[in-house]
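Colleague: I would like to go through the assignments in this model one by one. For each, tell me the value and the cut-off behind it.

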Amino acid sequence: MSAVSPTIGAEVDIAQLTKIYHTRESEDVLALDAIDLKIERGSFVAVVGPSGCGKSTLLSLLAGLTPISDGQITIDSERVAKPHSKIGVVFQSDLLLYWRTVIENILLPIEIKGLDVKKYAAKAEELLKQVGLAGFGKKYPSELSGGMRQRVAICRALIQEPGLLLMDEPFGALDALTREQMIMDLQTMWVRLGNTVLFITHGIDEAVFLADRVIVMSPRPGRIDLDLKVDMPRPRQWSRVHEDPIFHGYVRQIREIFEAKGILVAH
Amino acid sequence: MARVSGFSGSVAVQTERGKNTIKAKRKFRLQQLTERFSALFLAVALLAVWQIAVPLSGLSEFILPTPLAIATRIANELPLLASHGYITLFEVLAGFGMGVAIGIPLSLLIFYSRAFEKAVYPLLVALQTIPKVALAPILVLYLGYGWAPKITLAFLIALFPIVISTVVGLQSLDKNLVNLVRSMGANEMQTFFKVRLPAALPNIFGGFKVAISLSVIGAVIGEYVAAERGLGYLQLQANSLFDTTLNFASVVAISALGVSLYFILDFIESKVAYKRDSAK
Ligand SMILES: Nc1ncnc2c1ncn2[C@@H]1O[C@H](COP(=O)(O)OP(=O)(O)O)[C@@H](O)[C@H]1O
Ligand SMILES: [Mg+2]
């Protein structure tokens, strides 16, 4: 029996969301311009867009880390104003604390919320097993490879069974092979757990492979250019999907937008 | 037949290889040993040269005593050295302790308050350009001949490295780490104790180690200027009596004091702080 129970995915409603950064040195930056986005419970939504289009800003607002300039976000009909216990976040770098063991890193959110660490220890072990790191609990981050460390970071984000998992280019720093494996494993894990996922990436192929919906954002000010529903059966197989003309159709649709905006130049 | 000989041949090759690996291992271990103790070997060699060169050069013991003579003197004068060593140790610890007690809160103020950083930090850097040693006579003038000027000097010298390394340690934290723990709902107090402080500890201890070595210098210089006790005072005494051996013995005692304190800090660090790259 698995100690990790399926989570009820959260429902997210983003309405007229606007973010302006006021800076001391230069002019104000309009990072997000009146974004509307509704995310269904338990769906996997990928956000792609060029660098600087406001993807990380969107994540930061969802996580309650940055004040909203205008509009609002509700998660399970609760307005987001500050960090929220229904959310787990995975960043591009693993951000493991090097002075803590793997298990201690995974239990950090539990410690911070003042919950009973002992009660969650078994669950942390179970999560480690699910990501293929059974028995690594007592190791230190410096003893693990980049891919393993990011797996630990994912366990840490999942320890509280968050209804919403936010991932900001989580595989961007990994080599191609590790990345492919991580993408496959993330899909497996998500199918089992059922959280709502917002997955930020600049990899069009990984977005289409993983997501139920791909949101394509335009460069500054960030707006939604395309909301693409990806209709392919799961579980999806990386190598097989790459031979599928339907997959390539989706990828082309996204690339064409980037080409039209001059982000990708066609020759 | 051919098969058998071939077989035994391969066994022979294997044992040969086994011997070679044992030899290689032994060689490797010897290499490790020499590497680990190379500093010690060099020190012993230099002392031996010193020991042999003094009688050969015809220098009198008043000019340059031999290492053995110094070592014997240290052994004989242990109670004397200890009684003065205590005083210096106390001055160093008090000065360093004040450096920590004032330096750490000061670093926190500089780190957390922009106004404080703008006002105090430049002042502190400017203060650092004053050679503290030059303050010793002035401190004696104001604070007398007792402990106070030595402790003050040790403190003034220790303060700067403690503050600089603590502030730099706190400021160099990856901003994303702060975002991470904030996303878990951490308040600033939790952020400080769970992330900021542990991440800054290697830096802070780096500052402590520099500071404690400098504190020893501060205390001894204070004793040179005006004192009735302490290793610096003992050295001056030995000087005026042309007791060069005792003079050297005091130098050894001062070094031993500094080195011991350094390694005590190093030990404490190894217990409380993890270095980024070390596995454990
Ligand atoms: N803290 C900040 N202060 C000022 N400008 C910012 C800040 N964070 C992001 N920006 C600006 O907002 C825009 C969007 O940034 P970001 O959300 O990081 O984009 P992305 O993640 O898509 O690369 C960029 O132009 C960036 O320079
Ligand atoms: Mg980004």
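Modeller: A polar contact is a pair of N or O atoms within 3.5 Å, and within protein one must be able to donate a hydrogen and the other to accept it. The model is predicted. On that rule, 4 residue pairs are in polar contact between chain A and chain B, both residues of each pair being at pLDDT 80 or more.

Colleague: What does helix H3 of chain A give to the side that touches chain B?

Modeller: Helix H3, residues 108-112, gives the most to that side of chain A, with 4 residues. By class, the side holds 12 nonpolar, 3 polar and 6 charged residues.

Colleague: How many residues does each chain bring to the contact?

Modeller: Chain A brings 21 residues and chain B brings 25 residues. The area buried between the two chains is about 2100 Å², with 65% of it from carbon and sulfur atoms. In chain A, the residues that lose the most area to chain B are Tyr98(A), Trp99(A) and Ile112(A), together 34% of what that side buries.

Colleague: What makes the pair Lys194(B) and Glu111(A) a salt bridge?

Modeller: The rule asks for a side-chain nitrogen of Lys or Arg within 4 Å of a carboxyl oxygen of Asp or Glu. The closest N and O atoms of Lys194(B) and Glu111(A) are 2.8 Å apart, so the pair meets the cut-off of 4 Å. Across the interface of chain A and chain B the rule finds 1 salt bridge.

Colleague: How many salt bridges does a search of the whole structure find?

Modeller: Over all chains, the search finds 21 salt bridges. One case is Arg149(A) with Asp94(A), where the closest N and O atoms are 3.0 Å apart. This pair links distant parts of the chain, with Arg149(A) in helix H5 (residues 146-158) and Asp94(A) in the loop between E6 and H2, 55 residues apart. Both Arg149(A) and Asp94(A) are buried.

Colleague: Why is the pair Arg179(A) and Asp205(A) said to tie together parts of chain A?

Modeller: The closest N and O atoms of Arg179(A) and Asp205(A) are 3.2 Å apart, and the pair forms a salt bridge. Arg179(A) lies in helix H6 (residues 176-193) and Asp205(A) in helix H7 (residues 204-210), so the pair ties together parts that are 26 residues apart in sequence.

Colleague: Why is Asp205(A) called partly exposed?

Modeller: Partly exposed covers values between the 20% limit for buried and the 50% limit for exposed. Asp205(A) has a relative accessibility of 25%, so Asp205(A) counts as partly exposed.

Colleague: Are Lys209(B) and Asp266(B) buried or partly exposed?

Modeller: Lys209(B), at 11% relative accessibility, counts as buried, whereas Asp266(B), at 28%, counts as partly exposed. The two form a salt bridge, with the closest N and O atoms 2.7 Å apart. Lys209(B) lies in helix H9 (residues 188-225) and Asp266(B) in helix H11 of chain B, so this pair ties together parts that are 57 residues apart in sequence.

Colleague: Where does Ala253(B) lie, and why is Ala253(B) called buried?

Modeller: Ala253(B) lies in helix H11, residues 244-272, of chain B. The relative accessible area of Ala253(B) is 18%, under the limit of 20%, so the label is buried. Leaving aside neighbours within four places in sequence, Ala253(B) is in contact with Leu81(B) and Leu231(B).

Colleague: What makes Gln130(A) and Arg192(A) a polar contact?

Modeller: Their side chains are joined at 3.4 Å, which is within the 3.5 Å limit. Gln130(A) is in helix H4, residues 117-130, of chain A, and with a relative accessible area of 16% Gln130(A) is buried.

Colleague: Which residues are closest to ligand 1?

Modeller: Of the 13 residues that surround ligand 1, the closest are Gly52(A), Lys55(A), Ser56(A), Thr57(A) and Arg220(A). An oxygen atom of ligand 1 is 2.6 Å from a polar backbone atom of Gly52(A).

Technical notes:
Residues are numbered from 1 along each chain as its sequence is written. Chains are lettered from A and ligands numbered from 1 in the order in which they are written. This is a predicted model: local features need pLDDT of at least 70, side-chain atom pairs count only at pLDDT 80 or more; totals for chains, interfaces and linings use all residues. Side-chain values use heavy atoms; hydrogens and water are left out. Contact means heavy atoms within 4.5 Å. Buried area is the accessible area (1.4 Å probe) that two parts lose on being put together, summed over both. Helices (H or I, at least four residues) and strands (E, at least two) are DSSP runs, numbered from the N terminus. Ala, Val, Leu, Ile, Met, Phe, Trp, Tyr, Cys and Pro count as nonpolar, Asp, Glu, Lys and Arg as charged, and the others, Gly among them, as polar. Buried means under 20% relative accessible area, exposed over 50%, partly exposed in between (1.4 Å probe, protein chains only). A residue is near a molecule or strand if one of its heavy atoms lies within 4 Å of it.
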